[in-house]
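Q: I'm new to this one and would like to go through it step by step. Could we look at it together?
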Amino acid sequence: MSELNLILLGPPGAGKGTQAERLRGDFNLPYLATGDMLRAHVKEGSELGQKAKEFMDAGDLVPDELIIAMLLEKIDAEGDDGFLLDGFPRTVPQADALDRAIADRSRRLTAALLIDAPDEVLVRRISGRRVAQSGRVYHVDSNPPEVDGVDDEDGSPLIIRDDDKPETVKNRLETYHRQTVPLIEYYESRGILQRFDGTRPPTEVHDHVRATLATLRLEERL
Ligand code: AP5
């Protein structure tokens with residue numbers, strides 16, 4: 001079976017992490033999420049974490065030169081048989097760097113999966129998001145834990161992400177429109193963009209993505 005090299009693209013709160021959790025199980029793919037990697041660096045107080053924190057807390061993007069090296073190292077370490085990228089690329093220079101790195105390794109991207117939703121939906125989503133230590137994502141209304149405030153899996157307390165404060169969310173959305181939206185055209189012009197309606201319930205979005213990937217694999221074999 002051919003490898004799947006996938007990018008999850010979309011605004012903050014569209015449901016990329018929620019879908020990634022499901023797709024990883026479906027396709028047994030290494031999941032490389034730059035936001036999670038950066039939060040781990042911040043938590044351990046590494047040099048990269050210290051540099052990244054101020055950008056993240058402000059809702060700005062971390063500079064390309066810090067992100068690109070971190071991500072390409074991860075692909076080399078864990079992504080030999082395919083990968084699911086979440087949160088990368090987010091700028092045209094990041095997309096160019098990924099293109100070059102993939103071509104150098106005689107590989108190609110299978111698809112850029114765009115999960116989209118209007119800003120007012122995203123703001124509601126983010127304000128109700130609660131996150132477990134394991135990375136599992138809940139929502140107080142649409143996807144609540146069995147017991148209020150704790151993870152279903154290990155009972156640890158759920159937290160609100162530092163960058164989910166309303167004033168930061170506004171800047172994250174503006175940053176997305178300014179710096180990441182150009183990637184929609186970038187991947188569309190390369191013929192690998194697939195669009196999904198992120199306002200649909202999570203299971204529906206998941207079914208649609210899975211069906212699309214199954215079709216892509218079938219077409220590849222023809
Ligand atoms: P990152 O962690 O990547 O955050 P993001 O892209 O802003 O995305 P989110 O994690 O907020 O949203 P999501 O789409 O995963 O939604 P989720 O599934 O949680 O980045 C954080 C920061 O790191 C950036 O701001 C930047 O500073 C830095 N950074 C990261 N990568 C970088 C890069 N490449 N370059 C530079 N800087 C970088 O869902 C949201 C909520 O909605 C949840 O509560 C969920 O339960 C609920 N929900 C999900 N789907 C549905 C649905 N279909 N219906 C109803 N509710 C739903």
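This is a predicted model: local features need pLDDT of at least 70, side-chain atom pairs count only at pLDDT 80 or more; totals for chains, interfaces and linings use all residues.

Q: Which residues come nearest to the ligand?
A: Of the 34 residues around the ligand, those that come nearest are Thr-18, Asp-60, Arg-90, Arg-129 and Arg-172.

Q: And what does Thr-18 put 2.6 Å from an oxygen atom of the ligand?
A: That is a polar side-chain atom of Thr-18, and Arg-39 likewise has a polar side-chain atom at 2.9 Å from a ligand oxygen, whereas for Gly-13 a backbone N or O atom lies 2.8 Å from an oxygen atom of the ligand.

Q: How much of the ligand does the protein bury?
A: The ligand taken alone exposes 1000 Å², and the protein buries 96% of that.

Q: Which element gives the largest share of the shell?
A: Helix H2 does, with 4 residues; the elements giving two or more residues are helix H1 (16–27), helix H2 (34–44) and strand E6 (137–139).

Q: What kinds of residues make up that shell?
A: The shell divides into 13 nonpolar, 11 polar and 10 charged residues.

Q: Changing topic, where is Asp-164?
A: Asp-164 sits in the loop between E6 and helix H7 (166–180).

Q: Is Asp-164 buried or exposed?
A: Asp-164 counts as buried, because its relative accessibility is 7% and buried means under 20%.

Q: What does Asp-164 touch there?
A: Leaving out residues up to four places away in sequence, Asp-164 touches Ile-126, Arg-129, Val-169 and Arg-172, and a polar contact of 2.9 Å joins its side chain to that of Arg-172.

Notes: Residues are numbered from 1 along each chain as its sequence is written. Side-chain values use heavy atoms; hydrogens and water are left out. A residue is near a molecule or strand if one of its heavy atoms lies within 4 Å of it. A polar contact is a pair of N or O atoms within 3.5 Å; within protein, one must be able to donate a hydrogen and the other to accept it, and residues adjacent in sequence count only if both atoms are side-chain atoms. Accessible areas come from the Shrake-Rupley method with a 1.4 Å probe; for residues, only the protein chains shown count as cover. Ala, Val, Leu, Ile, Met, Phe, Trp, Tyr, Cys and Pro count as nonpolar, Asp, Glu, Lys and Arg as charged, and the others, Gly among them, as polar. Buried means under 20% relative accessible area, exposed over 50%, partly exposed in between (1.4 Å probe, protein chains only). Contact means heavy atoms within 4.5 Å.
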